[in-house]
Each structure stands twice: as structure tokens, then as C-alpha cells.
Amino acid sequence: MRTRRRGTRSQGAVPQRRAASGRMRAAHRGRENCAAVAPPTCSRSSHAVPGDALPNESPETGASHVTHAERTIRARIISGQYPPGARLRERELSDDLGVSRIPVREALTRLTAEGLVEISPRRGASVRNLSLRDVAELFDLRLSLEVFAARRAAEVCAAGRGGSRLSELMEVAEDATRRGDVHEITAANTALHAEIVAMTGNRLLRTALQPSLGLVQWLFTLTGGLDPRVQCSEHKDICAAIHAGNPDLADALVYAHIERGRGPSLATLAGVLPAE
């Protein structure tokens, strides 16, 4: 009789263990999906630009621990809380962010792909030492990709597709500029540029530019002394050309916008960043 009772308990426990295992697998898949689909926009509630997270944001907001660690570390790099060359030790970040070292390690790997973090075998992870050459090359990349993206986005609007999200982001950028909120200005401007690329529907183009968005926002922050009202005015002209379905004008305005910012940006950073 004792053997039969133990068998009954064991058989009853198997479905419970299987159910619990299924719930754990489902929760794990949910966390992975959350980390994989976060799009580059500027609303904290459901969309996020690189860096669009509060420095001490809680990991218990629905986002995965990896996404929480990635956004928080990125925000601290862009804001200067973690300066260029600063060591990013997994144990310290784990304790600070309230997550295990595994999400921190994955977050650092993602930020390495964006060019914000460097990982060396002996020294470990550290904030990238940005140089003037890096900034010049970033402008070259933007001239190649974003100018083409503006042309294609205008063609999309001319065909009667898309444009509403771009209008929303332009309103966010204007509001941030009126309030003089430096963090929101850089986040909104980055989201605006990212949306123009997204409007093309070109997956390869989006994949090519996506890794540089963190560097773009870092650059916007480093050159925060430039008049944001001028930037906002130029963005409005670009958006108007895209919405009007005028690819030639959108192309020319984005080229001028990026090239016009090159000289002042390099001059501002000349006394801050090394040449190479």
C-alpha cells in the first residue's frame, strides 16, 4: 500500500512538473521576443530609440533583462556618465542594474556591434574611445545612406503610403526643442532620422544603418552646443519635402543638412577627441 501511494504522488507530480516547465519555456520565449523586436522610435512606452531609457530604469517594466541592461548602459554612455575609455565590468554592472551577469554580457555584445563599446581579451569591455576620424567617417556613411533613404521615403509618400509616423516624430522633436530638453532633443532627432530610413521599406538599408544609430545619437549629444532650433527647422523642411512626395528636394535637403553639420561638429570636438 505504501508503494502504491508513492506511485500515485509521483504520477500526479509529473504533469505539474511538465506544466511548470512549459510555463518557463513560454516565459523565456516571451523575453527573447521582447528583446528582438524593439523598434527604433522615441516613445518609452512601446518604442525606443537607442539611449531612450532613464539611467536607473527598472528591469521589471515588461522588457527583458538584456534589453533593460542594453538601454541603460547605452543611455549612460551617450550622456557621458560612462566616459570614453571607462571600464565596463560585468560584476559591477550586474549589481548596479539588478540583473545577472549573463544579460549584461549580452548587452555589452550588442553595444559592441553599435560601435559604442570595445571588448578586448585582457581588458574586457570599455566605452569606445571616439576619434575625429570616426566622426568624419560617420558623416560619410550618413551622406551615402540617409540621402538615398530620404529620396525613397519621398517616393513612398508620392505613392500614397506612409508618412504619419514621421509627422508624429517631428511634433515630438519640435516640442522637445521648445522646452530645451537636451536628452529628448537628441532622442527625437535620432528617431526622426531612423524613421526616414524605415519608411523606405528597404530591409538591407535599415540593417546597414541601424548599428550606427547609437553613434549618431552620441554625436548629437557631444555636439549639443549647436543651435537645436536650426536643426529643428531643417528637419521640418526635410519632412515637408518627403510628405510632398518630392524626392529631388528631399535628397538635396538631407545632403545639405548632414554636410552643413560636418564642419561645426568637427570644430566643436577638435579640442575634445583625438585625431585618430
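In this predicted model, the second largest cavity is lined by E146, A150, H193, I196, I238, V254 and H257, and its volume comes to about 30 Å³. Helices α5 (132-158), α7 and α11 (247-269) each contribute at least two residues to that lining, which by class comprises four nonpolar, two polar and one charged residues.

A search of the whole structure finds two cavities of 30 Å³ or more. The largest cavity, with a volume of about 40 Å³, is lined by A194, V197, R206, L209, Q210 and L213; the elements giving two or more residues to this lining are α7 (182-199) and α8 (203-209). Its lining residues divide into four nonpolar, one polar and one charged.

Turning to charged pairs, the structure holds 23 salt bridges, among them the following.

| Salt bridge | Closest N and O atoms |
|---|---|
| R110 with E70 | 2.8 Å |
| E106 with R110 | 3.4 Å |
| E174 with K236 | 3.4 Å |

The pair of R110 in helix α4 (residues 101-113) and E70 in helix α2 (residues 65-79) links distant parts of the chain, the two residues being 40 residues apart. E70 is buried, because its relative accessible area of 10% is under 20%, whereas R110 is partly exposed at 23%. E106, partly exposed at 36% relative accessibility, lies four residues from R110 in helix α4, so about one helical turn separates them.

E174 in helix α6 (residues 164-179) and K236 in helix α10 (residues 228-243) likewise link distant parts of the chain, 62 residues apart; E174 is partly exposed with a relative accessible area of 22%, and K236 is partly exposed at 39%. Salt bridges with shared partners join E70, R74, E106, R110 and E114 into one network.

Notes: Residues numbered from 1 in each chain as written. Predicted model: local features only at pLDDT ≥ 70, side-chain atom pairs only at ≥ 80, totals over all residues. Heavy atoms only, no water. 1 Å grid on protein atoms, 1.4 Å probe; cavity = no way out; pocket = protein on both sides within 12 Å on 5 of 7 lines; lining within 4 Å. Points joined across faces, edges and corners; volume = space filled by probe spheres on them. Nonpolar A, V, L, I, M, F, W, Y, C, P; charged D, E, K, R; others polar. Salt bridge = Lys/Arg side-chain N within 4 Å of Asp/Glu carboxyl O. Buried < 20%, exposed > 50% of the residue type's maximum accessible area, 1.4 Å probe, protein only.
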